[in-house]
Amino acid sequence: MRTPAAIGRPLATTTGLSDDAAGMLLGLIGVAMFSLTLPFTRMAVADFNPAFVALGRAVAAACCAALWLGWNRAPWPPRSALLPLACVAGGCIVGFPWLTSIAMRSVPATHGAVLVGLLPLATAVWAALRGGERPSAGFWCMAMLGSALVAGFALRDGGGTLRPADLALLAAVLLAALGYAEGGKLAQRLGGPQTICWALLLAAPVLAPAVAWLAWHDAARIAAAGARAWAGFAYVSLVSMFLAFFFWYRGMALGGVARVGQVQLVQPFLTMLGAGLFLGETPEWPTLVFALAVIIVVGAGRKMQVKRR
C-alpha cells in the first residue's frame with residue numbers, strides 16, 4: 001500500500017517532473033486543501049468555542065499522527081529537530097488555528113482570505129532569515145507585488161481600515177510563516193509526513209488537558225452543536241491540520257520554501273470559492289481581476305532565481 005510518505009520523489013520519477021515542478025505541484029495540492037480552512041473554521045465556530053476548535057483539532061490530528069507514525073514504524077526525530085518542531089507546533093498547530101478561529105467569529109471568510117494571502121511574503125522572509133535560502137531581487141519584487149495586491153484587496157474590502165480581527169489574522173500569518181519555513185526545511189531531513197506528525201505529538205501533551213477542560217466546561221454547547229459545525233471541525237482536524245501538510249511540506253522540501261511558498265498567493269481566491277460554495281459568501285467582480293493578477297505574479301515569481309545552500 002502506498003502511504004503518504006511515498007509522496008514526492010516517486011511523483012517526480014514516474015511523471016518525469018523535475019524536483020522544482022514536483023514541489024510546485026505538491027504545494028498546489030496542499031494549498032487547495034488549506035484554502036478551505038477558513039470557511040470550515042467559520043462553520044465550526046458558529047456553534048463551538050473558538051479555543052475548542054483551535055486546540056481540539058490539533059489533538060484530533062495528533063491521534064491520527066500517532067497512528068501513522070506507529071504504522072510506518074517511523075524513527076524518533078533527532079535532538080536537533082526539536083527546535084524546528086517546536087516552531088511548527090507553535091506557529092501552525094497552535095498560533096494560526098487559535099487566532100484565525102477567533103477572527104472567524106467577527107469577519108467573513110472572504111475577508112480573512114485576503115489577509116492570509118500575505119503568507120507567501122512572510123514565508124519567504126522566514127526562509128531567507130532561517131532557512132538558508134537567498135531569493136533574487138526579481139523574486140522579492142514578485143513576492144512583494146503579489147502581497148501588495150492581496151493587501152490592497154483586504155483594505156478595499158475593509159473600507160480602508162483594519163479591524164481587530166485583522167490584527168489577529170496578521171499575527172496568525174507571521175506565526176504560520178515561521179512554521180512553514182521551519183517545517184519545510186526540516187522536511188528535507190525527516191520527510192513531510194514525519195515533520196507534521198512529530199510536531200503534533202510534541203504539542204499534544206500540552207494541549208490535551210486544555211481541550212479536556214474546554215470539553216467539560218462547554219459540554220452542553222458541544223452536545224447541541226449541529227452537523228455543519230461538526231463537519232467544519234472534522235475538516236480542519238483531518239485535512240487542514242494533518243493531510244494537507246503531507247503534501248505541503250514535501251512540496252517545499254523538493255522545490256524550496258521560498259519558491260513553493262509563492263503558490264499560496266492563489267489561496268485567497270480558492271478560499272473565496274469555498275466560502276461561496278459552503279457559506280454563500282459571494283465575492284464581487286473585482287475579485288476575479290485580483291485573482292488573475294495574482295496568478296500572473298505567481299507564474300513570474302516561479303521563474304525567478306532562488307539560491308539554495
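Predicted model: local features only at pLDDT ≥ 70, side-chain atom pairs only at ≥ 80, totals over all residues.

Tutor: Residues are numbered from 1 along each chain as its sequence is written, and side-chain values use heavy atoms, with hydrogens and water left out.

Student: How many helices and strands does the protein have?

Tutor: Helices (H or I, at least four residues) and strands (E, at least two) are taken as DSSP runs, numbered from the N terminus. Counted in that way, the protein has two strands and 15 helices.

Student: What percentage of the residues in the protein is buried?

Tutor: A residue is called buried under 20% relative accessible area, exposed over 50%, and partly exposed in between, using a 1.4 Å probe and protein chains only. Of the 309 residues in the protein, the buried share is 57%.

Student: How are H5 and H9 oriented to each other, roughly parallel or roughly antiparallel?

Tutor: Helix H5 (residues 82–103) packs with H9 at an angle of about 155 degrees, and their axes are 7 Å apart; axes are lines fitted to C-alpha atoms, for helices over the stretch in contact, and angles run from 0 to 180 degrees between N-to-C directions. Angles under 35 degrees count as roughly parallel, over 145 as roughly antiparallel, 65 to 115 as roughly perpendicular and the rest as oblique. H5 and H9 are therefore roughly antiparallel.

Student: Why does Val 88 count as buried?

Tutor: Val 88 lies in helix H5, and, leaving aside neighbours within four places in sequence, Val 88 is in contact (heavy atoms within 4.5 Å) with residues including Gly 179, Ile 196 and Tyr 249. Val 88 counts as buried because its relative accessible area is 0%.

Student: Is H4 oblique or roughly perpendicular to H12?

Tutor: The axes of helix H4 (residues 50–71) and helix H12 (residues 227–255) cross at roughly 50 degrees and come within 8 Å. That angle makes H4 oblique to H12.

Student: How do the residues of the contact of H4 with H12 divide?

Tutor: Among the residues that make this contact are Phe 52, Arg 57 and Trp 68 of H4, along with Phe 233, Ser 237 and Phe 246 of H12. Ala, Val, Leu, Ile, Met, Phe, Trp, Tyr, Cys and Pro count as nonpolar, Asp, Glu, Lys and Arg as charged, and the others, Gly among them, as polar. On that basis the residues of the contact divide into 14 nonpolar, two polar and one charged.

Student: Which residues of H6 and H9 make the contact?

Tutor: Helix H6 (residues 109–116) and helix H9 (residues 164–190) pack at about 40 degrees, with axes 9 Å apart, which makes H6 oblique to H9. On the H9 side the contact uses Asp 166, Leu 169, Leu 170 and Val 173, and on the H6 side it uses His 111, Gly 112, Leu 115 and Val 116.

Student: Which residue has its backbone oxygen 2.7 Å from a polar atom of the side chain of Thr 271?

Tutor: Thr 271 sits in helix H14 (residues 267–279), and Thr 271 counts as buried because its relative accessibility is 2%. The backbone oxygen lying 2.7 Å from a polar atom of the Thr 271 side chain belongs to Ser 35.

Terms used: Polar contact = N/O pair within 3.5 Å; in protein donor to acceptor, adjacent residues only side chain to side chain.
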